[in-house]
Amino acid sequence: MAVFTEAADADSTDDLDGHRIPRLDFEFTTGCDHRCGHCYNVWNAGSGASAGEAYPRGALDTAAQWAMMEKALVETGATHVTITGGEPLLRRDAVELIERLCARVKTVQLITNGSHVTPEIAARFARAGLRSVQLTLLSADRDTHDRLKGAVCFDDTVRAALDLREAGVPVQCCFVAMRETAGELAGVMELCLVLGIRGLSYNRMSPTGWAVDEVERLLPEVAHVEADLETANRLAPRYQIRVSTAMPIPPCLVRMSRYPHVNFGFCSVGSHSPNIVIDPLGNTRSCNLSSTVLGNIREQTWAEIHQNPYLETFPKRVPEVCRGCAYERTCQGGCKESGAATYGSAEIPEPFVRQALP
């Protein structure tokens, strides 16, 4: 089990209290060996409004990477870390860094495509005290899943889930709701039951990155999401799977009270628990879908970055059609980063909302 280190406790200073946040995401790499059409990674900008200036790519060596992460942890006071990418396990030192993080903070989660998980790696994760690993399943059908992932990977994902379960590492499932995954959730939840997966993150597609070029082909309609939520609400208690939404679903489009067995969430920017993301070079952003760099944690203090006006003004920038809505402050108009990436402004309704407007 992971524990706090002496260094972490020693850095609990009063002058950091106003800038403390509970969690951080570290993007280990921009590389990936899958090619999902729905990929939101901002460095894979498509032809949308965010495709102008290329997002910086690169990587630090092990010592510099650890120093950067340690600095971020000390200055933010974060006690939970999520490791993501790209595909984080493409870093040769990824397992070593994850082990060190598990010894440094209270909880660590890994998001991976599973293709690089072996029984040996699963055992190391278990010994380190990794809290959970999230794997993506888009269908219980091998061919459908592989086609949507752009790689032959279904068997790898299933094998990784079994290896991790055998080692004692909890596994979560990520399901992405798209036009082409309509009707697939029931099979995925049944497969989760068989694999011993008891947590499912329901992500309706939110286009950023090259996914802005796939809106017409992949973006789900409200009816698709409602059908999925009905399935999740019916099967979650039966299979004892906890279902949570990771991308905001506007309550003006979907009545959440109809789905009591689904946990709904909204944009975290401006909240007490923001989803702050740090890329492989130390560039810091407000979330995984945002291409706006707030600062660089290697070159600036977290206090300086945390004072970036973007973090204060972004929650207030909502589409005109959303102003005055009873859910304006909580929903904020859905995923506004998707609207910015696709149309050039957070004040233009994002694609999922825009297609539903009369």
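Is Ser 286 buried or exposed? Select Ser 286 and see: Ser 286 is buried, with a relative accessible area of 1%. (Buried means under 20% relative accessible area, exposed over 50%, and partly exposed in between, with a 1.4 Å probe and protein chains only.)

Before going on, a word on what you're looking at. This is a predicted model, in which local features need pLDDT of at least 70 and side-chain atom pairs count only at pLDDT 80 or more, while totals for chains, interfaces and linings use all residues. Residues are numbered from 1 along each chain as its sequence is written, and side-chain values use heavy atoms, with hydrogens and water left out.

**Stop 1: around Ser 286**

Ser 286 sits in the loop between strand S10 (283–285) and strand S11 (295–296). (Helices, H or I with at least four residues, and strands, E with at least two, are DSSP runs numbered from the N terminus.) Now show its neighbours: leaving out residues up to four places away in sequence, Ser 286 touches Val 269, Asn 275, Ile 276, Leu 294, Tyr 310, Leu 311 and Glu 337. A contact here means heavy atoms within 4.5 Å.

**Stop 2: helix H13**

Glu 337, one of those neighbours, is among the buried residues of H13, so select residues 336–343 next. In this helix, 6 of the 8 residues are buried, so H13 is largely enclosed by the rest of the structure. The buried ones are Lys 336, Glu 337, Ser 338, Gly 339, Ala 341 and Thr 342. What covers them includes helix H11 (310–313) and helix H14 (351–354). Just after H13, click on Gly 344, which takes a positive phi of about 95 degrees.

**Stop 3: the nonpolar core**

Next, colour Phe 26, Phe 125, Met 189, Leu 200 and Tyr 202: they have the most contacts inside the largest nonpolar core, which has 76 residues. (A nonpolar core is a set of buried Ala, Val, Leu, Ile, Met, Phe, Trp, Tyr and Cys residues joined through side-chain atoms within 4.5 Å.) Helix H9 (residues 222–239) gives the most to this core, with 7 residues. In soluble globular proteins, nonpolar side chains tend to be buried together.

Zoom in on Met 189. Not counting residues up to four places away in sequence, Met 189 touches Leu 200, Thr 231, Ala 232, Leu 235, Ala 236, Tyr 239, Ile 241 and Val 243. There is also a second, separate core of 8 residues, including Cys 174, Val 176, Ala 211 and Leu 218.

**Stop 4: salt bridges**

How many salt bridges does the structure hold? There are 17 salt bridges, each a side-chain nitrogen of Lys or Arg within 4 Å of a carboxyl oxygen of Asp or Glu.

Arg 142 is partly exposed at 42% relative accessibility, and Asp 155 is partly exposed at 44%.

Because they are 4 residues apart in the helix, about one helical turn separates Arg 159 and Asp 163. Arg 159 is partly exposed at 30%, whereas Asp 163 is buried at 17%.

Then select Arg 147, Glu 180, Glu 214 and Arg 217, which are linked in a network of salt bridges.

**Stop 5: Asn 41**

Where is Asn 41? Look in the loop between strand S1 (23–27) and helix H2 (62–76). Asn 41 is buried, with a relative accessible area of 8%, and touches Gly 85, Gly 86 and Gly 209, not counting residues up to four places away in sequence. Asn 41 and Gly 85 are 44 residues apart in sequence, yet 8.1 Å apart in space, C-alpha to C-alpha.

**Last stop: zoom out**

Show the whole protein chain, with its 14 helices and 11 strands. Its C-alpha atoms fill a box of roughly 55 × 45 × 35 Å, taken along the principal axes. Buried residues make up 55% of the 358 residues.
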